[in-house]
Amino acid sequence: MKINMDIIKCKDEDEIGRRAASLVAETIHREPHCILGLATGSTPVGMYKNLVKLYEQGTLDFSKVRSFNLDEYYPIQPEDPQSYRYFMNENLFDHINIDPANTYVPHGNSENPEMVCEAYDLMIQAAGGIDLQVLGIGNNGHIAFNEPSDHFPAGTHVVDLQESTIKANARFFDSEQDVPRQAISMGIGSILRAKRIILLASGEAKAEAVKACIEGPITPLCPASALQLHPDVTVFVDEAAAKLLSK
Ligand code: GLP
């Protein structure tokens with residue numbers, strides 16, 4: 001079978017973090033005004049740590065960079081420590097010289113989330129589109145919060161989170177009851193419009209989703225499989241997450 005994606009096998013999560021950060025840094029060096037698409041979750045934390053290190057060493061300048069995050073819980077306040085806005089501030093934005101006004105995360109506290117979704121897509125378009133999109137992957141093959149379903153959502157939309165995602169993400173909350181039942185997420189169409197995509201996956205729990213994403217049929221039952229339609233995807237996997245791949 002022909003695989004379009006570039007698969008980079010790493011020893012462990014540390015190596016994924018280092019190599020993914022250097023690819024992001026190269027993009028910023030080449031295009032200081034670039035638009036980054038950013039992800040939350042535990043997988044990209046190492047990449048963010050390495051980006052902060054490069055900034056502290058004086059080799060990386062974020063002053064002209066703009067960023068759009070993939071998703072946010074709904075409803076949630078931006079100051080809530082479980083919000084993705086808070087996560088991004090804590091893990092990256094507060095430690096680098098990006099202008100906070102140039103960092104976009106969908107508003108999780110609006111009374112009109114549909115309007116937030118529509119405005120988000122327009123803002124990405126007005127900014128000129130995403131140059132480099134960073135993705136993690138859920139155990140069920142979701143990307144951003146695009147859950148397995150009977151279709152690929154096109155634009156940013158409100159999602160009902162699936163039971164498996166609520167359970168998987170409960171580790172960040174005091175209890176499973178506290179996990180919001182909905183989210184605002186970029187669509188598969190929004191993600192595929194990015195010029196370049198990198199997907200990061202580590203740990204055995206991701207092995208099946210990684211195999212379905214790269215080697216399975218293109219189906220909304222595994223939303224990440226849509227990445228096979230994109231011409232420029234690089235996947236950073238560790239040995240555990242790569243263990244079911246045929247090569
Ligand atoms: C969440 C996020 C996804 C992320 C996924 C995997 O549900 N919405 O964007 O990729 O979790 O997270 P982790 O990296 O913690 O396994």
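Strands and helices here are DSSP runs, numbered from the N terminus. Keep in mind that the model is predicted.

**Exercise 1. Work out where Pro75 sits and what kind of peptide bond joins Tyr74 and Pro75.**

Step 1: Pro75 lies in the loop that links β4 to α3, the helix spanning 84-91.
Step 2: check omega for the bond between Tyr74 and Pro75. You get about -10°, and the bond is cis.

**Exercise 2. Find the strand order of the open sheet of three strands, then see which helix packs on it.**

Step 1: read off the order, which is β4-β8-β7, with antiparallel pairing.
Step 2: pick out the edges. β4 (71-74) and β7 (157-160) each pair on one side only.
Step 3: look at the twist. From one strand to the next, it averages 30°.

**Exercise 3. How many bridges join β4 to β8, and which residue in β8 does Asp71 stand opposite?**

Step 1: go through the pairing. Four bridges join β4 to β8 (residues 182-185), and the two strands run antiparallel.
Step 2: start from Asp71 and look across. Ser185 in β8 is the residue opposite.

**Exercise 4. Decide whether Ala144 is buried or exposed, and check its phi.**

Step 1: locate Ala144 in the loop between β6 (132-135) and β7.
Step 2: check phi. For Ala144 phi is positive, about 50°, although this residue is not a glycine.
Step 3: apply the cut-off. Buried means under 20% relative accessible area. Ala144 has 10% relative accessibility, so it counts as buried.

Notes:
Residues numbered from 1 in each chain as written. Predicted model: local features only at pLDDT ≥ 70, side-chain atom pairs only at ≥ 80, totals over all residues. Heavy atoms only, no water. Pairing = 2+ DSSP bridges. Axes fitted to C-alpha atoms, helices over the stretch in contact; angles between N-to-C directions. Buried < 20%, exposed > 50% of the residue type's maximum accessible area, 1.4 Å probe, protein only.
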